[in-house]
Amino acid sequence: MAKARTAIRVLLADDHAIFREGLRKLLEAEEDISVVGEARTGSECVALVDKLKPDVLLLDLKMPEKDGLAVLSDLGEKNNPTKAVVLTASEDERDFVEAVRRGARGIVLKQAPSELLLEGIRKVHRGEVWIDQRVTAGVMKAVAEA
């Protein structure tokens, strides 16, 4: 299947190889999405974002060497244009709020259906903010209280 000329360039960052492989297959099946690289650690992720300049970064919060929150901080300090979507198994609202504060443009739970992830990638790429409905209320409340 030929990719669209203006495919969304995505970098995957997760320390679980099987998860990355499955995610790559899911994303590569879409005509408008192209996986340009994979990172296993937070440090590797920052280096690959600098090198590959993806449109969207799918970022796990729990990774070795440098966690996802530290990656978001590093990218924010560099004014990197890559838009980060946090893809996490965590259901800790504090993590979500901190991710948004550090520049995440989207949050998708790993438990969510793949259609929600695909929609989130596309919306974040277009400049929108995408937060999984199951965490929206908690994030909004915590941000309002801050």
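Trainee: Is arginine 20 buried or exposed, and at what relative accessibility?

Mentor: Buried here means under 20% relative accessible area, exposed over 50% and partly exposed in between (1.4 Å probe, protein chains only). This is a predicted model, where local features need pLDDT of at least 70, side-chain atom pairs count only at pLDDT 80 or more, and totals for chains, interfaces and linings use all residues. Residues are numbered from 1 along each chain as its sequence is written, and side-chain values use heavy atoms, with hydrogens and water left out. Arginine 20 therefore counts as buried, at 11% relative accessibility.

Trainee: Okay, which residues of H1 are buried, and why do they sit on the same side?

Mentor: Helices are DSSP runs of H or I, at least four residues, and strands are runs of E, at least two, numbered from the N terminus. The buried ones in H1 are Arg20, Leu23 and Leu27. They share a side of H1 because their arc, taken from the directions from the helix axis to the C-beta atoms, is only 65 degrees.

Trainee: And which residues are exposed on the other side of H1?

Mentor: Turn to the other side of H1 and the exposed residues are Ile18 and Lys25.  The buried ones pack against S1, S2, S3, S4 and H5. So, to name the exposed pair again, because over 50% is the cut-off: Ile18 and Lys25.

Trainee: What is arginine 20 in contact with, leaving aside neighbours within four places in sequence?

Mentor: Contact means heavy atoms within 4.5 Å. Arginine 20 lies in helix H1, and its contacts are Leu12, Asp14, Asp15, Glu38, Ala39 and Arg40.
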